[in-house]
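This report walks through one protein chain for a reader who has not seen it before. The sequence and the structure come first, and the description follows.

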Amino acid sequence: MEAESSPFESSEMLASFLASTPSPRSFVAELRGEVGYLAFSGVQAIDRSEPTCGTLMALGECGCRDLFSPLTFDGDGEAEETVKVDAGFLRLFLGFYQRRDLQNQIQELLGNVKMIILTGHSFGATTASLTALWLLSHLQPTASPISVLCLTFGTPLLGNKSLSRAILRERWGGSFCNVVSKLDVVPRLFFAPLASLAPQLHLLLQFWQVAAASPSLEQLVGELRKQNFNEFFSNVMDCAKDAAQSGGGANNSLFWPLGSYLFCSEEGAICLDNATSVIKMMHLMLETVSPASSFENHLKCFEDHLKYGYYTGLLSLQFLKRINTSGLSASSYEAGVFLALQSSGINPQDDNISKPAKDCLQMARHMGRAPNLNNAHLAIRLSKITPCRAQLEWYKARCDESEDQLGYYDTFKEYGASRRESTIDMNLFRLAAFWNDVVGMVERNELSYDFHRRSKWNNAAHFYRLLAEPLEIARYYRRGMHRQKGHYIKHGRDRRFQILDRWWNRRIAVAAQEPQQINNKRSRSRHTSFTQDSLFWAKVEEAKDWLKHVRKERDSNKLGSLLANMKDFEKYANELIARKEVSIDVLAKNSSYSLWAEDWKALKLEFQQPPSDPALNGMDCD
């Protein structure tokens, strides 16, 4: 089994990223080898975003749907839960997005790199996250091989639970790592209604802004002392506790974490990627400070927001630290939980906090099978449905050899009610159920991070799509669904096929960057028994529809458009045939394509004769 890779290989890597974070400017872009860096400062972001922070806004309501289209994608035609982000942070991102200097820098990076790393601190971290989401959305349609990684420090929560789920669905969860210190209040702020914290928050924003730019803080510290921060901390802790207790049943109108979280303390660090566990740990680590603590303790919490350079430096040296192993359990699992508690800065002897923290770590561990175990279980299921696939291959061979010369697609379309075709229909349903489960597990993050990039599964998904989708298209048109909903490609294609298609296109794009690899795999990627475009027959059906309308159309503009569409389809089909990327059933004497080609040829001959209809004057079919 292939080893599962992580984008965060070492603590030294984190230190390098932090060193790339800019001085108090809006953003900094830099190219190092084949890696591009883009860093956003939190200093300028604070003042601009503060008035509208804490209000969730639907992405589709602010003219941003096209910028983040995969996140609002509804492949099943059903209403999705609304994806929302903070209105202030979204406005801040749009301000950057509309800047020509940023766009120029990004385009320059995209043309020269294999990976882009975005980073930011505080409110600037939210701009880095939204920029990363935009880049991922922008690169997805082209199946770009460029990797995107977003590493934030002390970021506030950005959006709701639907945003987190949409990111997991797109397999982007591994592109986000949020570093959060033990006592930093900023990542916990949005659990509470900001209106109730306004006076104290306004001073804190000034404190952080000035502290990042100047060491002279005496006057601001004096102003902070005048505020009642006991109530401030009490509100934040109570709301964080409510969010932790609600767990997976949290209201979709509340803020929710996304990606992985690296919790840092002076004792070490722990990493969690389960959102419910992240919320619980945020609450428990902050519980180590009493709301009624002295102002000096509160000040340490405020200063913690500015100490990420310090914590990352400690993390880089953590492997040199001697760990006290006295009292460790004989169980390696129990010992691991104990050491994780130590690394989080939670005292294992404090049962009020350590016991729920231990339960939280155990919950994160037992949420489900480990991804690699799920991979193995899925491989067993794949072997069990192989006979279904073999039945379809047998059926295709029989159709291609049949004397009626209809071919695979047209035989299933014409004789779908027969006993043999009913058996094939049942196998199609079983295969669809399996691959729907695979896609669902991928979107729920239950499989390894690189599952959809592994050759075994990518090849299997591609083979299934080429074998099964032509029959799904045949069933769609046999039942007349195109007359009710519209043609298959835009209105009938199952989301399952769209996702599997995307996996394959990304693999081809990555392989194109490595000519030696694509040459070695070309014999496997071209299945001569199957038409390489699984949508070919859907395009044939559209071409048949155009041909039918050409004979009836009297509007010269519409007629010209129909003829242009058919010429484009003819060129596309001829190119596939010339490259031998079609199955023999396409060229069968009585196939839908062959009959269309004959009719199209006859129509072109008609157009070469002097037209009796004035609407046909000047029409070019060649």
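## Contacts and overall make-up

Among contacts between residues at least 6 apart in sequence, 77% join residues at least 24 apart. The model is predicted. Its chain has 622 residues, and 51% of them count as buried. The chain holds 26 helices and 11 strands.

Seven strands form an open sheet with mixed pairing, in the order β1-β2-β5-β6-β8-β10-β11. At the edges lie β1 (27–32) and β11 (268–272), each of which pairs on one side only. From one strand to the next, the twist averages 15°. Strands of a sheet pair through backbone hydrogen bonds, in either the parallel or the antiparallel sense. Strand β8 (residues 176–181) pairs with strand β10 (residues 260–265) in the parallel sense, over 5 bridges. Within this pairing, C177 has S260 in β10 as its bridge partner.

Helix α4 (residues 100–110) touches β1, β2 (35–40) and β5 (115–121), and its direction makes about 15° with that of β1. Helix α5 (residues 123–139) also packs on the sheet, touching β2, β5, β6 (147–153) and β8. The direction of α5 makes about 155° with that of β5.

## Salt bridges

The count of salt bridges comes to 22. One of them joins E469 and R493, whose closest N and O atoms are 2.8 Å apart. This pair links distant parts of the chain: E469 is in helix α19 (residues 455–478), while R493 is in the loop between α21 (488–491) and α22 (495–512), 24 residues apart. Is E469 buried or exposed? E469 is buried, because its relative accessible area is 0%. R493 has 12% relative accessibility, so it counts as buried too.

R496 and E472 form another salt bridge, at 3.6 Å from N to O. R496 lies in helix α22 and E472 in helix α19, 24 residues apart, so this pair too links distant parts of the chain. Both residues, R496 and E472, are buried. A network of salt bridges links D425, E472, R475, D494 and R496.

In the salt bridge between D533 and K539, the closest N and O atoms are 2.7 Å apart. D533 is buried at 18% relative accessible area, whereas K539, at 25%, counts as partly exposed. The cut-off for buried is under 20%, which is why D533 and K539 are classed in this way.

## Aromatic pairs

The number of aromatic pairs is 36. In one of them, the rings of F27 and F40 have centres 6.4 Å apart and planes at 40°, so the pair is tilted. F27 belongs to strand β1 and F40 to strand β2, 13 residues apart. Both F27 and F40 are buried.

The rings of W435 and Y464 have centres 5.7 Å apart and planes at 20°, so this pair is stacked. W435 and Y464 are both buried. Ring pairs also link Y409, F536, W537, F569, Y572, Y593, W596 and W600 into a cluster.

Technical notes
Residues numbered from 1 in each chain as written. Predicted model: local features only at pLDDT ≥ 70, side-chain atom pairs only at ≥ 80, totals over all residues. Heavy atoms only, no water. Pairing = 2+ DSSP bridges. Helix = DSSP H or I, 4+ residues; strand = E, 2+ residues; numbered from the N terminus. Axes fitted to C-alpha atoms, helices over the stretch in contact; angles between N-to-C directions. Contact = heavy atoms within 4.5 Å. Salt bridge = Lys/Arg side-chain N within 4 Å of Asp/Glu carboxyl O. Buried < 20%, exposed > 50% of the residue type's maximum accessible area, 1.4 Å probe, protein only. Phe/Tyr/Trp six-rings, centres within 6.5 Å; stacked < 30°, edge-to-face > 60°.
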